[in-house]
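I opened this entry to keep track of what I looked up, in the order I looked. My plan was to take the whole chain, then the ligand, then a few single residues.

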Amino acid sequence: MGRIRILPDQVANKIAAGEVVERPASVVKEALENSLDAGAASFRIEVESGGRRLIRIADDGCGMLRDDALLAFERHATSKLRDVKDLLSISTLGFRGEALPSIASVSRLLLETRSPDETTGTSIEIAGGKILRCEEAALARGTVVTVRDLFYNVPARKKFLRTEQTELAHIASLVTHYSLAHPGKTFRLTNAVTELLHVTPVATLRERVYQVFGSQVLEELVEIGIREKELRLPPVSVPPSQAIAEYRAEPEEPPTRNFRLSGFFSRPQVQKGNRNSIYIFVNGRLIRDRLLMHALSAAYHNLMPPAAFPFALLFLECDAEEVDVNVHPSKTEVRFRHASFVHDFVRDMIRERLMESRPAPSFSPVPRPAHTEQPAAHLPYSDFSQMLEDEAPPPVTLEEPAEALPEFTLRPAAGPPPRFDFSAPPIEVAPGPPPSGKLLRRPDTHGEFPSEALPAPEMSLSVLSELRPLGQIHESFIIAAGRDGFWIIDQHVAHERILFEQVMKQRAAGRIEMQRLLMPLIVQLTAEQQIDYARIADELYASGFETEPFGNRTIAVKAAPAAVSPSELEKILFEILEIAETELRGASLDDLRRGICASIACRAAIKINTRLDNAKMEWLLRALAATDCPMSCPHGRPIALHYPTRDILKAFHRV
Ligand code: ADP
Ligand code: MG
């Protein structure tokens with residue numbers, strides 16, 4: 001890394017100013033980002049008392065020359081930026097030259113650093129911003145920053161710190177996610193003597209996800225691969241005089257920008273009550289961005305209930321010019337130059353991949369233990385995610401970052417990582433602890449299940465078309481046998497999905513099947529509904545509802561989609577007006593359209609508590625298998641649960 005310089009005022013003034021150090025995790029974030037910018041391959045993070053007493057970050061990066069080490073504590077001293085135009089294409093994580101002086105002004109800081117260009121290193125001690133000592137020291141290449149007694153001189157700030165465990169959860173979450181962004185590097189995090197995370201270099205993100213979360217979680221995720229899209233920029237129009245001066249024999253290609261998306265996200269059945277499990281990196285920077293959050297939710301639209309969130313680990317890469325990182329003091333927000341392109345790209349790529357995977361939900365045969373009995377993960381991080389999940393679902397809006405984290409207790413590492421929550425409760429097959437292993441494996445007289453007869457696990461819902469319905473329970477759920485175990489299908493939501501896709505297709509083709517009512521239905525509206533009605537009257541018509549105003553706050557419905565029974569008509573209209581009210585505020589026309597189709601489908605679908613004969617059940621399964629998305633209903637509820645043969649064998653202690 002080049003030498004550090006103090007930014008001239010005109011550059012410094014253009015930098016988003018504000019508080020950098022809010023809590024111990026912000027110190028870790030800034031120091032870790034500096035180590036990453038320094039090209040380090042190994043990061044050792046030690047904390048004590050959740051970072052209140054001590055934070056130490058050691059790296060094997062490029063280190064600093066002696067003069068630079070001193071200069072680094074001046075405000076706006078950075079080696080990463082030179083002039084104003086560099087602000088337009090920042091490729092390093094840092095650029096403001098403010099972190100070190102800010103941290104040093106609110107703690108007792110020790111910097112030990114050596115550049116490979118010097119034979120000895122430098123050790124600098126600072127307290128409350130005052131340099132106490134600066135001397136030569138024999139040091140290994142790299143940098144160690146030790147921060148003690150954070151906010152010791154700012155009691156007001158200290159009071160705002162949460163408990164040790166909460167601060168530690170923030171730090172652990174941060175380090176874990178940076179470790180996911182850099183699978184090729186070593187990360188080790190310890191709190192006093194407890195090792196919280198230790199990952200060694202691996203070749204792929206998949207392997208790193210496995211190291212951090214374990215194989216069970218990995219199974220519940222879909223990998224997106226690398227998806228790319230090019231944005232063609234309009235050719236720059238050059239005034240004629242200049243055009244002559246800049247004449248080139250070859251006509252210039254219009255400039256293009258390349259966007260790449262990779263990472264993992266959860267199948268729709270994995271539903272979280274908040275956004276704490278969504279991690280988005282833009283050009284390697286961990287950010288919290290409304291636009292991308294919205295794109296992610298939009299990808300799951302109609303696959304997940306609106307108040308539920310997926311797990312996501314997304315990496316968006318683009319040219320540095322396409323993203324302005326200089327919009328937030330702690331660099332956690334960005335602004336995209338072509339925001340709607342980025343939004344649609346992310347939404348479409350995730351949705352496409354979700355559809356491709358058509359994943360089958362399954363459920364565990366073992367009753368899910370209460371949280372306190374949850375086995376601790378081999379990596380305590382999984383503990384954090386578990387704790388973060390248990391947070392009461394807040395009334396989150398897009399603009400609100402998930403802030404407050406819950407308290408949690410660390411347990412020693414042991415056992416497999418906990419599974420994600422499924423929205424459907426697992427069936428309880430084997431209550432109580434299983435008998436001893438010896439007993440389990442004793443050859444008995446009950447007959448052996450030949451292991452070669454164990455079918456390959458069914459991971460995709462394409463198998464639905466081969467299912468054999470066995471009957472219903474509660475006249476609501478179809479039980480069906482498949483090649484691998486059995487399935488339970490919610491008849492109402494299954495039919496809802498079939499109808500939803502049918503209506504959406506008809507809507508797209510402009511051919512919604514309508515039925516004319518013998519007598520128009522007169523519907524009385526409230527003032528608010530009247531306004532919503534006026535706004536969406538055209539859309540209603542296009543969706544198969546022929547209506548017209550009929551006096552004051554009254555409409556006459558003359559025709560309706562064929563699927564809807566006249567007795568449901570009024571209810572469904574009110575439902576649609578309600579969607580119009582909420583959706584039109586923030587969402588697009590496309591969302592409204594989907595909402596209308598979902599309402600029609602829901603009202604027209606077979607109800608629960610309805611007896612179905614075999615032929616109807618078979619038809620339902622075939623039709624469901626033919627849908628694009630047989631895994632969840634348009635409102636996001638699961639449709640089919642799979643109980644694999646392996647789990648049956650396990651429950652009967654045969655494997
Ligand atoms: P910024 O990262 O915005 O440049 P900082 O205050 O975080 O500002 O750091 C100031 C400078 O100190 C950096 O530009 C860099 O040159 C140097 N520096 C900080 N941490 C390290 C490190 N771990 N290894 C090498 N150089 C570092
Ligand atoms: Mg920095």
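**Overall**

I note at the start that this is a predicted model. I counted the secondary structure and found 19 helices and 25 strands. The protein has 655 residues, and 51% of them are buried. I then looked at contacts between residues at least 6 apart in sequence. Of these, 76% join residues at least 24 apart. The exposed surface comes to about 30800 Å², with carbon and sulfur atoms supplying 54% of it.

**Ligand 1**

Which residues come nearest to ligand 1? I found 22 residues around the ligand, and the nearest are Asn34, Thr78, Ser79, Lys80 and Gly97. I sorted the shell by class and got 10 nonpolar, 8 polar and 4 charged residues.

Next I checked which elements build the shell. Helix α2 (24-37), strand β4 (77-78) and helix α4 (99-105) each supply at least two residues. The largest share, 3 residues, comes from α4.

Then I went through polar contacts to the ligand. Asn34 places a polar side-chain atom 2.8 Å from an oxygen atom of ligand 1. Ala99 uses its backbone instead: an N or O atom there lies 3.2 Å from an oxygen atom of the ligand. Thr143 has a polar side-chain atom 3.3 Å from a nitrogen atom of ligand 1. How much of the ligand does the protein bury? Taken alone, ligand 1 exposes 530 Å², and the protein buries 98% of that.

**Nonpolar cores**

I turned to the cores. The largest nonpolar core holds 61 residues, and Ile45, Val175, Val209 and Leu313 have the most contacts inside it. Helix α6 gives the largest share of this core, 8 residues.

I listed the contacts of Leu313, leaving aside neighbours within four places in sequence. Among them are His177, Leu180, Leu205, Val209, Phe264, Tyr279 and Phe281.

**His177**

His177 came up in that list, and I followed it. His177 sits in helix α6, residues 164-181. Is His177 buried or exposed? Its relative accessibility is 1%, so His177 counts as buried. I also took a C-alpha to C-alpha distance: His177 and Ile280 are 9.4 Å apart in space and 103 residues apart in sequence.

**Ala312**

I moved to Ala312, which lies in strand β16, residues 312-317. Ala312 counts as buried because its relative accessibility is 1%. Beyond four places in sequence, Ala312 touches Phe264, Phe265, Ser277, Ile278, Tyr279 and Leu296.

**Arg353**

My last stop was Arg353, in helix α11, residues 339-357. Why does Arg353 count as buried? Its relative accessible area is 19%, and the cut-off for buried is under 20%. What does the side chain of Arg353 reach? I found the backbone oxygen of Glu223 at 2.7 Å. Neighbours within four places aside, Arg353 is in contact with Val222, Glu223, Ile224, Arg227 and Phe265. Phe265 was also on my list for Ala312.

How values were computed: Residues are numbered from 1 along each chain as its sequence is written. Chains are lettered from A and ligands numbered from 1 in the order in which they are written. This is a predicted model: local features need pLDDT of at least 70, side-chain atom pairs count only at pLDDT 80 or more; totals for chains, interfaces and linings use all residues. Side-chain values use heavy atoms; hydrogens and water are left out. A residue is near a molecule or strand if one of its heavy atoms lies within 4 Å of it. A polar contact is a pair of N or O atoms within 3.5 Å; within protein, one must be able to donate a hydrogen and the other to accept it, and residues adjacent in sequence count only if both atoms are side-chain atoms. Accessible areas come from the Shrake-Rupley method with a 1.4 Å probe; for residues, only the protein chains shown count as cover. Helices (H or I, at least four residues) and strands (E, at least two) are DSSP runs, numbered from the N terminus. Ala, Val, Leu, Ile, Met, Phe, Trp, Tyr, Cys and Pro count as nonpolar, Asp, Glu, Lys and Arg as charged, and the others, Gly among them, as polar. Buried means under 20% relative accessible area, exposed over 50%, partly exposed in between (1.4 Å probe, protein chains only). Contact means heavy atoms within 4.5 Å. A nonpolar core is a set of buried Ala, Val, Leu, Ile, Met, Phe, Trp, Tyr and Cys residues joined through side-chain atoms within 4.5 Å.
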